[in-house]
Amino acid sequence: MPQINVLTVREPSPVEKGRTFQEQQNFILKNLPMRRILVLGLLFLIFQVWTDLLGASQEKSSQEVEVLSPPNILLIMVDDLGYGDLSGAGAQDLRTPAIDALVKLGIWFSQFYANSPVSSPTRAALLTGRYPDLVGVPGVIRTESERSWGYLVPEISLLPELLQNTGYHTALIGKWHLGLESPNTPTERGFQFFHGFLAGMMDDYYNHYRRGVNYMRLNTRTIEPIGHATDLFTQWAIDYLNNRKDIKQPFFLLLSYNAPHTPIQPPSLVLERVKQRGDKLNEDRAKLVALIEHLDEGIGRVIKVLGDNQQEGNTVVIFVSDNGGDLRVGANCGLLRGGKRDLYEGGIRVPMAAVWPGKIRPGSSSRQLAMMMDLFPTICAIAGVKIAQDFDGVSLLGTLVGQMAPPLERELFWMRREGGRRHEGQDYYAVRRGYWKLMQNSPFERYKLFNLRDDPLEEHDLANQEPRVRASLSQALRRQIQKAGAIPWQPR
Ligand SMILES: [Ca+2]
């Protein structure tokens with residue numbers, strides 16, 4: 001598979017940097033002598049006529065990729081997997097052959113972002129196509145009300161509801177984390193089948209409780225399954241695929257593992273195997289490696305069943321992590337700065353790959369700036385859903401199938417609200433435009449400005465050197481904050 005570490009992904013030349021196509025032409029012309037301008041002008045004219053002739057049909061095909069029969073969609077979301085914690089992404093101390101195989105068989109996005117460095121907001125973005133604070137989920141929804149920072153607006157239709165209305169069977173297996181009670185439970189929000197847990201985390205992978213409460217459900221019924229959560233979700237996904245095997249109706253399965261979220265609790269057999277390899281890992285890293293490898297094995301089992309059932313050819317598989325890796329437990333976020341909870345790249349840039357036999361070219365990759373909320377219109381486009389509500393994401397379908405997508409001149413925003421007990425309520429923000437990123441990593445520090453093309457590790461703050469860029473991004477951010485301020489994030 002291609003080396004997918006952030007620093008080896010080809011970056012654009014200075015000419016491409018943060019400019020539209022037209023701005024690039026102007027930049028080139030401004031820097032050339034007159035004779036060359038005349039020759040190039042003639043060539044450019046010929047090129048323009050040619051591209052104009054091609055233009056109409058290309059534009060149409062990039063916007064409207066034809067999907068004949070709606071495929072099944074298997075979206076595998078993992079919890080807190082760092083950008084560098086795949087063997088294919090350069091990690092030397094772990095083996096993730098199943099996830100690496102997905103990358104090899106499909107497309108890898110090197111600049112795919114979570115909408116938030118924590119769980120609930122990024123999941124809200126996935127299922128609504130909106131910035132999470134615009135749908136009431138600026139922070140983590142918790143079982144303890146004084147530390148809970150979100151309430152998914154009940155009025156908006158979620159992705160599974162739209163898919164269901166278009167003829168899909170919709171299922172969630174694993175973690176939900178968008179509400180603990182009515183009206184925000186999975187079966188009330190569009191999933192026809194739910195086998196998993198409502199809360200954000202478990203205190204134990206084997207008893208599945210959170211603070212003494214059992215949030216594990218089969219649809220609406222409380223259940224007490226026996227086994228490691230990763231094994232349970234794997235088996236339930238396999239059961240679901242087998243049940244759908246002979247049914248013509250397409251399915252949307254969100255397989256939402258809680259691994260490798262804390263507690264870092266791999267099965268002892270896997271941990272022993274990792275330790276015996278002689279990679280000289282410290283205890284913490286060995287446990288995380290084992291938890292990730294166990295997760296990878298589960299994903300491999302699910303993909304194998306898809307093949308055994310001959311469902312593979314007509315299934316789009318998307319693999320993504322909900323936010324960056326947790327550095328407190330030894331995660332590897334590539335060489336990126338920061339991790340989970342941070343608005344530095346390590347907290348928000350996540351592994352993402354998609355496989356679609358016959359449609360997505362194996363071994364391809366894209367530098368396109370993309371975000372979790374883009375999966376909403378992307379999946380709708382794949383499924384033939386016409387979206388009749390507001391959304392902020394853009395469809396990546398053109399990019400997935402290798403057709404030239406329109407240049408994405410986009411601004412991306414992130415925010416996180418946190419607090420409770422030891423902290424007051426706190427918001428902090430980031431915005432990216434082109435290669436510029438303005439951010440703060442806590443509400444108590446001033447904004448920093450980075451150029452991610454020259455400084456992918458976010459080491460050199462240019463806020464003082466580039467006051468105009470800084471002011472322009474500040475203004476954009478202020479508009480976004482004002483918009484989000486009108487949205488309630490608690491039940492009315
Ligand atoms: Ca997470």
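Helix H3 (residues 97-105) and helix H8 (residues 283-308) pack at an angle of about 55°, with their axes 7 Å apart. Axes are lines fitted to C-alpha atoms, for helices over the stretch in contact, and angles run from 0 to 180 degrees between N-to-C directions. H3 and H8 are therefore oblique to each other; under 35 degrees counts as roughly parallel, over 145 as roughly antiparallel, 65 to 115 as roughly perpendicular and the rest as oblique. On the H3 side, the contact is made by Pro-97, Ala-98 and Ile-99. H8 contributes Asp-296, Glu-297, Ile-299, Gly-300 and Ile-303. Contact requires C-beta atoms, placed from the backbone, to lie within 7 Å. By class, the contact of H3 with H8 has five nonpolar, one polar and two charged residues. Ala, Val, Leu, Ile, Met, Phe, Trp, Tyr, Cys and Pro count as nonpolar, Asp, Glu, Lys and Arg as charged, and the others, Gly among them, as polar.

The model is predicted: local features need pLDDT of at least 70, side-chain atom pairs count only at pLDDT 80 or more, and totals for chains, interfaces and linings use all residues. Residues are numbered from 1 along each chain as its sequence is written. Helices (H or I, at least four residues) and strands (E, at least two) are DSSP runs, numbered from the N terminus.

Ten strands form an open sheet with mixed pairing, in the order S9-S8-S5-S4-S10-S1-S11-S12-S2-S13. Its edge strands are S9 (221-222) and S13 (364-366), each of which pairs on one side only. Pairing requires at least two bridges found by DSSP between two strands. H3 packs on this sheet, touching S2 (107-109), S11 (315-321) and S12 (352-355). The direction of H3 makes about 65° with that of S12. Elsewhere in the sheet, S4 (residues 169-175) and S5 (residues 193-197) pair in the parallel sense over five bridges. Gly-196 in S5 is the bridge partner of Gly-174.

Strand S11 is largely enclosed by the rest of the structure, because seven of its seven residues are buried. Burial is assigned when 20 or more other C-beta atoms lie within 10 Å of a residue's own; 12 or fewer make it exposed, and values in between partly exposed, with C-beta atoms placed from the backbone. Both faces of S11 are covered. Thr-315, Val-317, Phe-319 and Ser-321 lie on one side, and Val-316, Ile-318 and Val-320 on the other. S11 pairs with S1 (residues 72-78) in the parallel sense over seven bridges. Met-77 stands opposite Val-320 in S11. With S12, S11 pairs in the antiparallel sense over four bridges. Here Val-320 stands opposite Met-352, and Phe-319 has Ala-353 as its bridge partner.

S12 is also covered on both faces. Met-352 and Ala-354 are buried on one side, Ala-353 and Val-355 on the other. S2 and S12 run antiparallel and are joined by two bridges. Trp-108 stands opposite Ala-353 in S12.

Helix H7 (residues 268-276) has buried residues Val-270, Leu-271 and Val-274. They cover an arc of only 100° around the axis, which puts them on the same side of H7. The arc is that of the directions from the helix axis to the C-beta atoms. What covers these buried residues includes H8. Ser-268, Leu-269, Glu-272 and Gln-276 are exposed on the other side of H7. Gly-278 follows H7 and has a positive phi, near 80°.

Conventions:
Two residues are in contact if their C-beta atoms, placed from the backbone, lie within 7 Å.
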